[in-house]
Amino acid sequence: MGPALSAQYAAVFGRPWPVWGAAILVATVNVFLFAFDRPWTASDGLRNWGDWVLRGLGLVHRPDLIAPWLYSGSLLNLGVLFGGLAAALLSREFAIRVPPRGELAKGTGGGLLMGVGAMLAFGCNVGGFFSAMSALSLSGFGMMLGLGLGAFLGLRYLLWELEHRPGWSTGAARVYGAPSTTGLSRQPLAGLVVVLALLVLPFFYARQGFHTQGVFLLFGVVFGVIFQRSRFCLVRAFREPFMTGDAEHTRAAALALAVSTLGFAILKFVDLKDKGDWVFPGAGIGALAGGTIFGVGMTLAGGCGAGSIWRAGEGQVKLWAALVGFALGASLMRLALVQTGALTKLGWAVFLPSVLGWGAAVVLTLLVVVAWAVAATWNEDSRAVTVLD
Amino acid sequence: VPPGGRLDVLATDPGAHADLDAFTRRNGHTIVERSESEGVQRFVVQRAR
């Protein structure tokens with residue numbers, strides 16, 4: 001490779017991308033995805049996987065269940081998984097990382113809590129919070145509060161465990177297939193093969209008559225690559241102000257929310273998308289309790305709806321456990337909510353412009369995200385809510 | 001760890017460097033050594049005095 005190409009390769013795959021730039025990219029791609037069909041959420045695709053497991057075990061009768069390779073949410077998730085894998089390989093960061101048993105248990109338990117929380121809040125932190133808030137749904141604001149409280153509670157638990165039960169998560173971690181630190185690695189070549197396969201697959205889908213399905217997969221790949229290269233993380237956005245005080249990811253998340261909100265508002269205002277799209281009947285106990293449970297889960301697992309998937313793609317076995325827990329937790333919780341009739345009692349569907357008018361709804365949303373970023377930045381100096389020094 | 005003392009940190013997450021960097025920068029600690037072998041990163045962090 002020539003020096004100029006080599007330098008560009010290093011810029012894209014040798015160094016982490018700026019987090020704020022990744023945030024703008026994620027928000028922009030999410031607006032494109034909404035314009036194309038629907039915004040991003042990880043939970044419905046994971047529930048689709050869990051539903052297939054329950055169906056396979058004979059626990060549910062679902063002849064209408066869409067195959068994971070055809071369902072939009074599942075394809076987005078598969079794209080994120082393989083996009084994360086491709087980016088990790090191209091960056092020589094892929095390895096099968098097996099954590100100690102206690103960490104695996106936290107991954108599974110955290111995943112279960114995320115699955116349960118996502119069903120109560122009508123989406124994970126991406127769909128129920130990020131995309132819902134962008135869609136000017138009051139439920140997104142409720143889940144934001146819950147996620148903050150949950151991240152705090154989850155962190156308090158982790159610190160308690162560290163202090164009082166240090167043996168639970170100790171033990172040797174094992175790493176397989178890591179690239180050699182000296183000499184050439186085959187990982188970039190393998191990454192190139194994965195990228196080529198991912199680029200060919202949409203053409204294969206199109207030949208079978210499933211044009212949109214292939215595009216969903218590509219959207220997922222783009223998300224996976226952006227997240228893996230930048231490590232932009234909504235868990236860090238909520239947890240870090242309480243843990244180390246660092247607010248870089250909080251500011252980035254707020255920036256992403258502002259961009260995404262403006263994009264979604266334009267699409268809805270000019271009637272390109274329905275006003276009720278992504279406005280969930282969870283404004284109330286569903287968003288608050290669901291957000292809190294999800295916030296605890298994502299802190300224990302070390303990855304949210306999106307982060308668990310792309311981290312699983314780069315070989316982190318703890319997040320494989322989180323995905324299994326998430327999928328099963330979501331399927332079982334949804335089943336329980338439907339069978340008990342609780343699904344219709346989780347809150348109200350409130351589209352903010354219907355209550356406040358368009359201008360006030362957009363300004364209020366932007367004020368909330370700016371206040372979040374400013375409060376977290378102020379906390380960097382004051383350390384008002386930070387527990388680690 | 002007493003002020004000025006050092007802590008060995010082993011990590012397998014590729015994001016560990018960015019995480020520790022943010023933590024030490026924010027809290028006045030210093031990463032005085034960093035190495036990687038077989039997918040395991042090792043950091044020596046010196047606590048602020």
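## Polar contacts and salt bridges

Let's start where the two chains meet. Across the interface of chain A and chain B there are five residue pairs in polar contact, both partners at pLDDT 80 or more. A polar contact here is a pair of N or O atoms within 3.5 Å; within protein, one must be able to donate a hydrogen and the other to accept it, and residues adjacent in sequence count only if both atoms are side-chain atoms. On the side of chain A that touches chain B, you'll find ten charged, four polar and four nonpolar residues. (Ala, Val, Leu, Ile, Met, Phe, Trp, Tyr, Cys and Pro count as nonpolar, Asp, Glu, Lys and Arg as charged, and the others, Gly among them, as polar.)

Three salt bridges also cross this interface, each one a side-chain nitrogen of Lys or Arg within 4 Å of a carboxyl oxygen of Asp or Glu. One salt bridge joins Arg26(B) to Glu380(A), with 3.4 Å between the closest N and O atoms.

## About the model

This is a predicted model, where local features need pLDDT of at least 70, side-chain atom pairs count only at pLDDT 80 or more, and totals for chains, interfaces and linings use all residues. Residues are numbered from 1 along each chain as its sequence is written, chains are lettered from A and ligands numbered from 1 in the order in which they are written, and side-chain values use heavy atoms, leaving out hydrogens and water.

## How much gets buried

Chain A puts 18 residues into the contact and chain B puts in 17 residues, with contact meaning heavy atoms within 4.5 Å. The area buried between them is about 1400 Å², and carbon and sulfur atoms give 52% of that. Buried area is the accessible area (1.4 Å probe) that two parts lose on being put together, summed over both. Of the area that chain A buries against chain B, 26% comes from Arg97(A), Thr181(A) and Arg236(A), more than from any other three residues.

## Chain B on its own

Chain B has one helix and three strands, in the order β-α-β-β along the sequence. These are DSSP runs numbered from the N terminus: helices are H or I with at least four residues, strands E with at least two. The C-alpha trace of chain B spans about 35 × 15 × 15 Å along its principal axes.

## A pocket with both chains in its lining

The second largest pocket has 33 lining residues, and Phe13(A), Gly14(A), Ser91(A), Arg92(A) and Glu93(A) lie nearest its centre. On a 1 Å grid over the protein atoms alone, a pocket is an open set of points with protein on both sides within 12 Å along at least five of seven lines, and lining residues have an atom within 4 Å of a point. Helix 1 of chain A gives the most to this lining, with four residues.

Note on methods: On a 1 Å grid over the protein atoms alone, a cavity is a set of points where a 1.4 Å probe fits but cannot get out, and a pocket is an open set with protein on both sides within 12 Å along at least five of seven lines; lining residues have an atom within 4 Å of a point.
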